[in-house]
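Biologist: I would like to go through this model one feature at a time. Please give the rule before the case.

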Amino acid sequence: MKMRRKKKDSENLTVRSFEGFYRGSWSEIHRAVSLVVGSADLASEAVDEAMVRAFEQWDEVSRFSNPEGWVYRVAVNWARSWLRRLRFRSPSEVPDLAVEDPEMTDPRILRAMQQLPLAYREVVVARLVLDLSEAEVAEALGVPKGTVKSRLHRALNSMKEDLE
Amino acid sequence: MSIEERVASDLKSAASRVRGRPAGVEEIRRRASRRRRIVQGGWIAAALVVLAGVSVLATSLIPQPVDLADPPTPSEILADNAVTTEEWEAAGAAVVECLSDRGQDAEFDPSEGSFSIASTAEDAFNECYGAHMGDSVQQRWSSQQYDPVADFEFYRDVVECTESRTDVDFGEMTQDSLGFASTEAQRTINRAIEAAPDAYHACLDEIVQSRGS
């Protein structure tokens, strides 16, 4: 009886922590994923799908040094597979990746971003929008730190060329 | 300003204007619960497939007839404005069967609504997908998985419970035209969480348990 009570309390604690995490981090992760995939709607689906998986494994995910980075990665991966699936559909159904924001200082930057391979975009956004360190990006995306450095370097060079 | 600073500044500016609609924690729980059922169902299905395979091998080498009953068209599926689990799975199976008739291997994952096909099967896929599922069925199925009104009602109850325990009015809980919690309601929920986290979470836990979710 006592054991059961203890387990129940532990479950409640887990639910509580996830609730706070969900409410506190959803928007920021969603914005980042939107920039990577070029669609706010697709990003909403992707982040919530990733949150389902985070919820299922919350005991473990909550102990990560950067659970937001984990959800970001899972969401981008989910969106990537969705986009891959859309490749087999008519082109008009593929989200418009060249989202323009008239209030941006230079809208060419977003267009240049969307010309990059998705693997580069996810590094650029994690590093420059989520402000994760190179080590944190590496951990979140599951790639070596050197790969983060080189992808960021190549992405910025490519964008620089597009802007010149 | 370096290219890095310029890109960071503009992307953050763009990101700040992105708006999205979170499904909500209650919906996340529901989806997790459904996924568990699907996974468990998947194991049972896999076991049945193995048993069936053993049975076929043991009893006969004669090929079993394939059920080629007319699968429903998208408009037939949507005749009652709803897609049942059976219709959803049958539509996916019909797309796979259609591709098979055209010499293409394909797999359908009903939980994800995804098809795995060879890149060379694009034209055949578009034809089969359009004939047996189509975006109309996909979209209806997706929207059926989420009940924004139930989600709103859940959070409205949590906020009301929190207000009654703290004697504080956190604001209005209103819905938008689609039945989702409005931006105002989201702010009200956030105010309740920030001002009275213990009461809010206690209410949330109680309502989750009372609804058996």
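Modeller: Start with strand pairing: two strands pair if DSSP finds at least two bridges between them. Helices (H or I, at least four residues) and strands (E, at least two) are themselves DSSP runs, numbered from the N terminus. This is a predicted model, in which local features need pLDDT of at least 70 and side-chain atom pairs count only at pLDDT 80 or more, while totals for chains, interfaces and linings use all residues. Residues are numbered from 1 along each chain as its sequence is written, chains are lettered from A and ligands numbered from 1 in the order in which they are written, and side-chain values use heavy atoms, leaving out hydrogens and water.

Biologist: How many bridges join β1(B) to strand β2 of chain B?

Modeller: Four, and the two strands run antiparallel. Within this pairing, B:Glu107 has B:Ser116 of β2(B) as its bridge partner. B:Glu107 is on the uncovered face of β1(B) with B:Asp109, whereas B:Ala106 and B:Phe108 form the covered face.

Biologist: Which elements make up chain A?

Modeller: Chain A has eight helices and zero strands. One of the helices is α6, residues 118-128, which contains A:Glu122.

Biologist: Is A:Glu122 buried or exposed?

Modeller: Buried means under 20% relative accessible area, exposed over 50%, and partly exposed in between (1.4 Å probe, protein chains only). A:Glu122 counts as buried because its relative accessibility is 7%. In chain A, 51% of the 164 residues are buried.

Biologist: Which residues is A:Glu122 in contact with, leaving aside neighbours within four places in sequence?

Modeller: Contact means heavy atoms within 4.5 Å. On that rule A:Glu122 touches A:Val36, A:Tyr72, A:Val76, A:Arg80, A:Leu141 and A:Arg151.

Biologist: How much area do chain B and chain A bury between them?

Modeller: Buried area is the accessible area (1.4 Å probe) that two parts lose on being put together, summed over both. Here the two chains bury about 4300 Å², with 59% of it on carbon and sulfur atoms. B:Asp10, B:Leu11 and B:Ile28 supply 14% of the area that chain B buries against chain A, more than any other three residues. The contact draws on 48 residues of chain B and 47 residues of chain A.

Biologist: How many salt bridges does the rule find across the interface of chain B and chain A?

Modeller: A salt bridge needs a side-chain nitrogen of Lys or Arg within 4 Å of a carboxyl oxygen of Asp or Glu. The rule finds one across this interface. A salt bridge links the side chains of B:Lys12 and A:Asp131, at 2.9 Å from N to O. On the side of chain B that touches chain A, α1(B) gives the largest share, twelve residues.
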